[in-house]
Amino acid sequence: MAMMKRAASSALRSLIASSSTFTRNLHASGEKKKIVGVFYKGNEYAKLNPNFVGCVEGALGIREWLESQGHQYIVTDDKEGPDSELEKHIPDAHVIISTPFHPAYVTAERIKKAKNLELLLTAGIGSDHVDLKAAAAAGLTVAEVTGSNVVSVAEDELMRILILMRNFLPGYHQAVNGEWNVAGIAHRAYDLEGKTVGTVGAGRIGKLLLQRLKPFSCNLLYFDRLRIDPELEKEIGAKFEEDLDAMLPKCDVIVINTPLTEQTRGLFDKNRIAKCKKGVLIVNNARGAIADTQAIADACSSGHVAGYSGDVWFPQPAPKDHPWRYMPNHAMTPHISGTTIDAQLRYAAGVKDMLDRHFKGEDFPEQNYIVKEGQLASQYR
């Protein structure tokens, strides 16, 4: 009987301890957090569209919601250097939100300083601005709004292919400058029909691009670590290529659609570009660092690459003396493809959902995780 009483007493103490832990966890989940958002400035354009939520002034449309719950929400575009606004708030920030369009580079050094940091969110797709190994080692969660702007980027890629193929920009510049020289445009303008287009990477964006290219009657190729579903592959009419270097010489157009990882950084260097067909057109809306900056500039200057277009640079914002600004036959823009108004509304909603789940101690949609419980997502391993 005494043993039974001691056992019951022990069980009761365990239950009380467990209840206490549960209460502490509930209290922790209700803790007031400091959230730091790093976005590009809207300036005079911020008030022109009420749905322009992806800028500093729009703040993803979540300021009122966060502050009504007692959280502190700091938003800035000042992200570089030891005296930046971001640096000032890193030591006591619980959450940092950034975008690929104006990335806050969260280095191992910054992670080490961030004693309260729990969560790194990307408003959009692509979390390579974070030192993912350092984040995993520190026990941080890194997540993004998977799928939020894939349509936006795929449409933009199709546009860039056509701009390069039809030699559009010289014609536009003639119109602006009061000129009229048809030969100056037509001598290197081509139809897209019948050309071979290869995508390096056929994930969400790559598949959407291939689907959008089908009506143009192109020869479609793709290289990826994973093969597309056979039925979709047949429907699109795309051919899987097992060897990237074997695919490149076949392509009139190459589109880069792979994440930036240790394996893909500098993937398109001088040697790989030399394997491409002379006169190839390259579109890169993935990440600037996948291509070797000087190698691309040199290839455009020599004519081996007949045109290069994209919206991604390294670093971002691109410095004024970046070689891609001045190389011939380019159609570069700032990083804009994934931040249409439609995309902004999608990734703002996704960020709010994940913050709400985080505050409640709930899991995110599994596909959003880039780092979870010390493990990197498969594409970054």
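User: What counts as a salt bridge?

Analyst: A salt bridge is a side-chain nitrogen of Lys or Arg within 4 Å of a carboxyl oxygen of Asp or Glu. This is a predicted model, where local features need pLDDT of at least 70, side-chain atom pairs need pLDDT 80 or more, and totals for chains, interfaces and linings use all residues. Residues are numbered from 1 along each chain as its sequence is written, and side-chain values use heavy atoms, leaving out hydrogens and water.

User: How many salt bridges does the rule find across the interface of domain 1 and domain 2?

Analyst: Two. As a case of a salt bridge, take E262 and K133: their closest N and O atoms are 3.0 Å apart.

User: Where are the two domains?

Analyst: Domain bounds come from an automatic or database domain assignment. Domain 1 covers 34-146 + 340-380, and domain 2 covers 149-332. Their C-alpha centres lie 29 Å apart.

User: How many residues are in contact?

Analyst: Contact means heavy atoms within 4.5 Å. Here, 20 residues of domain 1 touch 14 residues of domain 2.

User: What is the area buried between the domains?

Analyst: Buried area is the accessible area (1.4 Å probe) that two parts lose on being put together, summed over both. Between domain 1 and domain 2 it is about 1400 Å². Carbon and sulfur atoms give 47% of that. In domain 1, I125, D128 and Q379 lose the most area to domain 2. Together they make up 32% of what that side buries.
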